There are 2 protein chains.
Amino acid sequence: MNKYDNLVMNAAGRLVPTIVNGHEEIPFQGIGKHRPSGRKHAPFIPTVLDYPADGNKEVASLEEALRLCGLRDGMTISTHHHLREGDLIANRIFEIADRSKVKDLVWLPSASFPCHEPIIKYLENGTIDHIEGSMNGPLGNFTTSGKMKGCAVLRSHGGRFQAIQDGEVHIDIAILAAPTADPFGNGNGLYGPSACGVLGYSLADYMYADRVIVVTDNLIPFPCMPMQIQGNYVDFVVKVDKIGLPEKIVSGTTQITRSPDRLMIAEMTAQFCLEAGLLKDGCSFQAGAGGTSLAVEDYFHKILLEKKWKARFCFGGSTEYMVSMLKDGSVEYILDAQAFDLEAVRSIRENPNHCDVPVFNAYNFHSKGNYAGMTDIVILGATEIDVNFNGNVVTHSDGRLLHGIGGWQNCLHSKCTIIPVPLFRDRIPVIVDEVTTLCGPGSLIDVIVTERGIAINPLRTDLIDKTKGSKLPIKDIRQLKEEAEVICGKPSKPKFVKEVVGIVKWVDGTVIDALWKIED
Amino acid sequence: MNKYDNLVMNAAGRLVPTIVNGHEEIPFQGIGKHRPSGRKHAPFIPTVLDYPADGNKEVASLEEALRLCGLRDGMTISTHHHLREGDLIANRIFEIADRSKVKDLVWLPSASFPCHEPIIKYLENGTIDHIEGSMNGPLGNFTTSGKMKGCAVLRSHGGRFQAIQDGEVHIDIAILAAPTADPFGNGNGLYGPSACGVLGYSLADYMYADRVIVVTDNLIPFPCMPMQIQGNYVDFVVKVDKIGLPEKIVSGTTQITRSPDRLMIAEMTAQFCLEAGLLKDGCSFQAGAGGTSLAVEDYFHKILLEKKWKARFCFGGSTEYMVSMLKDGSVEYILDAQAFDLEAVRSIRENPNHCDVPVFNAYNFHSKGNYAGMTDIVILGATEIDVNFNGNVVTHSDGRLLHGIGGWQNCLHSKCTIIPVPLFRDRIPVIVDEVTTLCGPGSLIDVIVTERGIAINPLRTDLIDKTKGSKLPIKDIRQLKEEAEVICGKPSKPKFVKEVVGIVKWVDGTVIDALWKIED
């Protein structure tokens with residue numbers, strides 16, 4: 001692929017390629033402008049005749065299972081990221097592929113982590129052509145260094161489901177780690193030494209892949225219930241010694257920030273939500289598992305208790321903090337796509353109001369509605385926000401790709417999106433003239449909360465009206481930018497070579513931005 | 001349609017039509033001979049843009065919802081049967097269609113009941129062309145009287161999923177009654193005045209229909225959890241006063257037979273299972289909710305307790321008897337497709353080992369395996385069994401269609417299928433020379449238990465060997481037939497006109513038999 005041909009300006013004013021890895025892509029058309037046509041991907045009709053009558057699909061090894069699935073050059077291999085930094089399966093797949101001299105694979109993880117750094121050698125030796133999925137840390141850095149053979153494709157969690165469902169990306173083999181499974185292929189994340197709570201990111205994979213392999217280190221007799229993975233979609237089951245490193249799956253170290261600045265940002269965020277009438281009886285919210293987000297949740301919790309309000313639901317990733325709200329009734333339901341600590345895993349297992357909700361239901365944009373739009377308050381992070389409220393969540397200001405999109409783009413569709421961020425990190429301003437990479441258009445980002453003030457998107461006249469007369473330090477976003485520049489100086493622009501190394505998809509499958517190779 | 005053209009002899013020696021309701025059909029090819037080709041039905045890709053951002057899909061009435069779905073001539077309308085004899089929704093749909101002067105609809109229920117007798121007038125006046133689904137009682141009788149305009153299509157529960165999934169039948173509008181639902185369309189059968197436990201028969205409908213309407217009499221704020229119906233597939237939600245008559249949904253009157261003959265049959269069945277080594281520690285079984293089946297279960301229960309064995313799972317329809325086994329640990333899991341009494345509904349709500357399992361997982365033949373083949377013992381009923389062990393479960397010996405197939409064909413794929421039946425009913429022998437309607441080939445039916453003896457299928461030499469020397473009255477099936485004929489006389493054959501009024505599908509979508517019009 002010629003990486004720097006076929007560039008067009010999309011509706012967000014970003015230069016993006018129209019041919020990526022040999023496939024035609026649609027440039028971003030504007031929010032709500034692209035309408036899908038056609039039908040969902042239709043898998044082949046299987047028959048019970050091709051599967052063991054007694055339901056036992058166990059084979060001796062992952063190698064054997066991959067062979068039986070017909071692993072060959074150019075295939076797309078998918079995995080989920082529920083084992084996070086403790087995942088032992090993804091690296092193993094490509095080690096096997098490498099040994100089998102298979103080339104030009106596409107890896108489609110629901111996310112990748114620093115533990116996947118060994119994948120770099122398979123990218124270098126041609127086993128893997130490119131990755132479609134988030135690239136945290138080393139793999140991201142590898143990408144923006146221009147070393148990946150094919151072009152990286154970044155999607156949100158919801159966008160990944162959309163792309164698989166719509167047939168934009170076709171999975172040849174899905175390899176799904178399951179903390180507990182039975183020989184039929186039913187699996188869940190609730191039990192076993194590698195318990196991770198839920199497995200909702202694997203839904204698109206097993207529904208739409210040609211072949212599905214379940215890998216477990218806790219094989220129990222049929223039936224493994226509840227079946228977060230449904231064996232009726234599974235071809236082979238493999239028992240291995242260990243699918244993950246428990247201490248890195250659920251670290252139990254997800255903690256509220258202790259930084260006084262971050263705590264202040266969190267408190268201001270909660271206060272803003274209260275004054276703007278967003279935080280109220282029956283409301284719903286989502287916050288990530290970062291230290292500041294957890295602190296916001298903690299302030300929400302205090303306010304809910306004090307006011308004797310109940311939030312109707314909050315959306316996970318779940319932590320012990322969220323679980324404590326469920327326990328004391330401050331929150332009625334946790335809808336959960338992933339569990340971040342052991343208390344959350346236990347809660348999913350035991351509390352019927354802590355519900356397993358795949359990203360399909362929460363985030364898929366090509367669905368008959370989804371949950372994102374129903375959520376009153378969403379608390380998100382960002383690496384950069386620009387003066388037009390555009391957000392970047394994947395690259396740093398030096399152009400390096402270091403983070404995945406996660407559910408970030410999907411959550412922007414909430415009723416109110418609030419981004420609490422420090423004004424600068426390591427003396428690099430967070431509020432900038434123009435984001436390095438556009439992940440979310442400014443019209444969907446409502447409020448920025450920093451330690452030196454709160455900026456409300458001018459489009460949200462309702463929020464501006466509601467907080468008129470507030471003691472909160474509400475300022476123009478440009479003023480916040482200038483305050484940061486007074487302290488840190490004007491940030492320098494990243495130096496790019498004119499070579500596309502990746503694209504960022506929008507929730508509807510269009511291309512919202514490109515990632516560029518960094519100058520050596 | 002000319003109903004008596006295009007007849008061919010299928011692999012079971014039955015005369016079946018190759019064109020039915022204008023569609024080409026494949027005659028039964030023999031067990032395990034037909035292999036599907038092609039891909040699953042692919043629904044249109046929807047977009048969140050077409051649905052309310054706040055998730056509220058409520059519309060004023062069922063009439064309004066049907067109008068918004070574009071109800072028009074020739075459409076296929078599907079419903080589920082979880083409200084059984086208490087269903088108030090199906091009749092209402094066709095009343096609306098009739099008022100709207102819509103013609104030639106196809107009704108695709110997962111089952112119909114005597115309460116649907118009012119549908120007859122819509123069949124008579126052309127609102128409905130024909131029914132694809134079981135027809136218990138009045139509708140069945142109407143069918144074999146030759147009065148249905150189109151040709152009836154009977155499928156098993158698993159076959160219905162297969163047909164929808166494979167695109168053999170395309171649902172224009174699915175109308176799904178939900179005892180509890182939220183405005184987004186999430187629904188379940190666990191709560192509310194019309195609670196019926198589970199809603200698993202609706203899965204194929206909402207996954208594959210063009211349009212989906214959820215009708216509820218218990219609308220709660222989002223999120224309705226667990227989501228046995230997923231709102232992401234739902235177009236409209238309608239609140240009505242009453243979706244069902246609770247006393248007829250879960251009657252609580254499902255009782256063990258008191259007939260001494262039936263009890264003896266049940267006891268012999270249990271004893272046979274014990275002696276043949278089928279009933280054992282870790283085994284699995286399924287029995288229906290008929291009085292004899294419940295009695296068999298009760299004997300199983302006693303044996304399990306006495307031997308201190310645990311069955312690994314039993315498959316529902318569930319009743320208080322099955323629940324009592326789960327409670328005392330005689331059974332580890334109930335996998336459930338429908339609840340027959342209030343105790344079962346409560347158990348599904350409260351016991352995590354009482355699991356909601358849609359027929360897709362249990363019975364779909366065009367799946368990567370299903371549960372039927374994993375089940376050690378299945379206890380089924382039959383209207384007739386012939387000397388070649390072929391079974392009929394839909395028509396009586398006079399040719400009248402009076403029963404649905406239910407999961408009967410699907411269950412035949414278990415490791416051992418046992419049919420406990422009286423030798424005669426109302427002086428009509430049950431064991432006959434040739435079944436009136438072939439629903440299941442004899443090679444899949446292993447044992448017949450009657451009050452006068454047990455017949456083992458000669459193919460099952462293993463069972464014959466295991467029960468050699470048993471005190472059980474094991475006899476040749478022909479001997480049993482003759483004993484019945486000594487008492488009742490030779491039964492007369494039904495008198496048919498050479499006109500096909502319905503077809504019976506096999507689990508793989510082929511046509512195993514035809515239903516014929518009865519002579520006036």
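How many residues does the contact take from chain A and from chain B? The answer is 49 residues from chain A and 49 residues from chain B, where two residues are in contact if their C-beta atoms, placed from the backbone, lie within 7 Å. This is a predicted model, in which local features need pLDDT of at least 70, side-chain atom pairs count only at pLDDT 80 or more, and totals for chains, interfaces and linings use all residues. Residues are numbered from 1 along each chain as its sequence is written, while chains are lettered from A and ligands numbered from 1 in the order in which they are written.

**How the two chains meet**

- The side of chain A that touches chain B divides into 25 nonpolar, 15 polar and nine charged residues. Here Ala, Val, Leu, Ile, Met, Phe, Trp, Tyr, Cys and Pro count as nonpolar, Asp, Glu, Lys and Arg as charged, and the others, Gly among them, as polar.
- Of the interface residues of chain A, 100% are also interface residues in chain B, so the copies meet through the same surface.
- Chain A is superposed on chain B by a rotation of 180° with 0.0 Å of shift along its axis (RMSD 0.0 Å), which is the relation of a two-fold axis. The superposition is by least squares on the C-alpha atoms of residues with pLDDT of at least 70 in both copies.
- Of the residues of chain A, the one that comes closest to the rotation axis is A:Ala42, at 2.6 Å (C-alpha).

**Domains of chain A**

- Chain A is assigned domain 1 (54-132 + 169-248) and domain 2 (260-493), with bounds from an automatic or database domain assignment.
- The C-alpha centres of domain 1 and domain 2 of chain A lie 32 Å apart.
- Their contact takes twelve residues from domain 1 of chain A and 14 residues from domain 2 of chain A.
- On the side of domain 1 of chain A that touches domain 2 of chain A, there are eight nonpolar, four polar and no charged residues.

**A sheet in chain B**

- In chain B, nine strands form an open sheet with mixed pairing, in the order E18-E17-E16-E15-E19-E22-E26-E27-E28. Strands are DSSP runs (E, at least two residues), as are helices (H or I, at least four), numbered from the N terminus; two strands pair if DSSP finds at least two bridges between them.
- Strand E18 (354-356) and strand E28 (474-475) of chain B are the edge strands, each pairing on one side only.
- Strand E16 (residues 311-315) and strand E17 (residues 331-336) of chain B pair in the parallel sense over four bridges. In E17(B), B:Tyr333 is the bridge partner of B:Phe313.
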